Amino acid sequence: MGCVLGTAVILEYPGLLPYEVKATRSKPVMPYVPGFLSLKEIPVLAEALELLIGTPDLVIVDGHG
């Protein structure tokens, strides 16, 4: 099944330069199901968000499902 990667980035405003970056990698907890990609990828993304020291004001997720 491979690995799933999750990355959380906090950007400075207004320059939009990276302020903090955290990344995680893990084996998926379930296989890919068409239309439900988020069920496979959200757990690893949540891990990356939990590693952040800062608190984001806004979270934008590039995904579907």
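**A tour from the pocket to the helix**

The residues lining the largest pocket comprise 18 nonpolar, 5 polar and 4 charged, where Ala, Val, Leu, Ile, Met, Phe, Trp, Tyr, Cys and Pro count as nonpolar, Asp, Glu, Lys and Arg as charged, and the others, Gly among them, as polar. The model is predicted, so that local features need pLDDT of at least 70 and side-chain atom pairs count only at pLDDT 80 or more, whereas totals for chains, interfaces and linings use all residues. Residues are numbered from 1 along each chain as its sequence is written, and side-chain values use heavy atoms, with hydrogens and water left out.

Select Thr-7, Val-9, Val-59, Ile-60 and Val-61, which of the 27 lining residues are the closest to the centre of the largest pocket. Both β1 and α1 supply at least two residues of this lining.

Next, display the whole chain as a cartoon. Its 1 helix and 2 strands follow the pattern β-β-α along the sequence, and the C-alpha trace spans about 40 × 20 × 15 Å along its principal axes.

Now select residues 37-51, helix α1, whose 15 residues reach 22 Å from the first C-alpha to the last, close to the 21 Å expected when 1.5 Å is multiplied by one less than the number of residues. At Pro-43, α1 bends by about 30 degrees, the angle being taken between axes fitted to the seven residues ending there and the seven starting there.

Notes
Helices (H or I, at least four residues) and strands (E, at least two) are DSSP runs, numbered from the N terminus. On a 1 Å grid over the protein atoms alone, a cavity is a set of points where a 1.4 Å probe fits but cannot get out, and a pocket is an open set with protein on both sides within 12 Å along at least five of seven lines; lining residues have an atom within 4 Å of a point.
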